[in-house]
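This report concerns the packing of a two-chain model. It treats the nonpolar cores, then strand pairing, then helix packing and the interface.

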Amino acid sequence: MHEISLLESVLETLETQAKQQNFTQVKQISLEIGALSCVAVDALRFGFDVVMKNSLAENAELVIIEVPGRGQCSRCGTIVELETLHDPCSECGAFGVTVTQGEQMRIKELKVV
Amino acid sequence: MCGICGCSDTQSKAKGLFKPTQLHHHGVMSLHRHDHHHETHTERMIQVEQDILAKNNSYAGQNRQYFQQHKIFALNFVSSPGAGKTTLLVETINLLKTQMNIAVIEGDQQTEHDADRIRATGTKALQINTGKACHLDAHDIGHAVTDLQVADGSFLAIENVGNLVCPSSFDLGEAHKVVVLSVTEGDDKPLKYPDMFHAADLMIINKMDLLPYVNFDVNRCIEFAKRVNPKIGVLQLSATKQETLTEWTTWITNQMRSLA
């Protein structure tokens, strides 16, 4: 359950942002989570209310923007969609597709008051 | 004060001190109870665009810079519980301790057992008990390196918590992640836990002496690992058989030489 650690990290960022940007409450948090990142979205949702309780983001809405995995085949150069890190190239069948998108775990934006 | 990150956190998780996961919280802001004001506050959007692990990555960057400046060769050992990381470290230390300074950081949820096994070799070791957490983070490592007073030019072995999932996300500032897989496990682990094999630079297949007794296909395992990470290096050995460790210790020695 490293999702709890990740959420604690999100909370720290919220606290820093609150001081810098002068807000006291977070209404909504948008996270961008890549399909190839090692985050279970269900676990994030499960842990979110627990970690945010008694914080400036208590009762905030969690919005998850899922980003599909994508990569470039090292043999034929085609850009292909990836569901896992070990998918072969859908064009030529070679393994070893270099990931170009879908590994991110980002705090995208906040709705605050 | 910590020599690497500069923070004043004196309560690190090191030395067997149990501390729950909130290592580095700098106070939780209280929620204002002023309902009558709320209507006058306007909602606004703030673009953050920041990696969730930005803080860990920043500590890892500081560690990496420190290691480079002090010519410390740091390896982050990851595996399932029971793959033989500690035994491999003990036997590696026994072979290399007369040639170089070695220091070890041990990560486990509880107990000082692994650090005790390392200390029995005469090598200094620091145990970090992560409590509920399933991985070491870069901030833990910065403090541990300061507490251990790792000498310049040392080989620093960091044994992560036995877990093939979580430690893959947390950069510690190491030169390489080394994933240890033993033949008593499934040969399809690289596909079952691809994140870790994707993040590692070297895979050690351990307990090769037990191969005749188990159903483990070495070639299949290597093929699966290369699907996830075509650049991964592979070594096959038995940590308990010193004669099988030559290629491994030579690899370490060569890596150390390239730093000097």
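The largest nonpolar core of this predicted model has 71 residues, and B:Leu156, B:Ala157, B:Ile158 and B:Val179 have the most contacts inside it. A nonpolar core is here a set of buried Ala, Val, Leu, Ile, Met, Phe, Trp, Tyr and Cys residues joined through C-beta atoms within 7 Å. A residue counts as buried if 20 or more other C-beta atoms lie within 10 Å of its own, as exposed if 12 or fewer do, and as partly exposed in between, with C-beta atoms placed from the backbone. Strand S2(B) gives the most to this core, with 5 residues. Apart from it lies another core, of 28 residues, including A:Leu31, A:Phe48, A:Met52 and B:Val48.

Residues are numbered from 1 along each chain as its sequence is written, with chains lettered from A and ligands numbered from 1 in the order in which they are written. Local features need pLDDT of at least 70 and side-chain atom pairs count only at pLDDT 80 or more, whereas totals for chains, interfaces and linings use all residues.

Helices (H or I, at least four residues) and strands (E, at least two) are DSSP runs, numbered from the N terminus.

In chain A, helices H1 (residues 2–21) and H2 (residues 41–52) pack with their axes 9 Å apart, at an angle of about 50°. The axes are lines fitted to C-alpha atoms, for helices over the stretch in contact, and angles run from 0 to 180 degrees between N-to-C directions. H1(A) and H2(A) are therefore oblique to each other; angles under 35 degrees count as roughly parallel, over 145 as roughly antiparallel, 65 to 115 as roughly perpendicular and the rest as oblique. Among the residues that meet are A:Leu7 and A:Leu11 in H1(A) and A:Phe48 and A:Met52 in H2(A).

Between the chains, 35 residues of chain A are in contact (C-beta atoms, placed from the backbone, within 7 Å) with 34 residues of chain B. H1(A) gives the most to the side of chain A that touches chain B, with 13 residues.

Conventions
Two residues are in contact if their C-beta atoms, placed from the backbone, lie within 7 Å.
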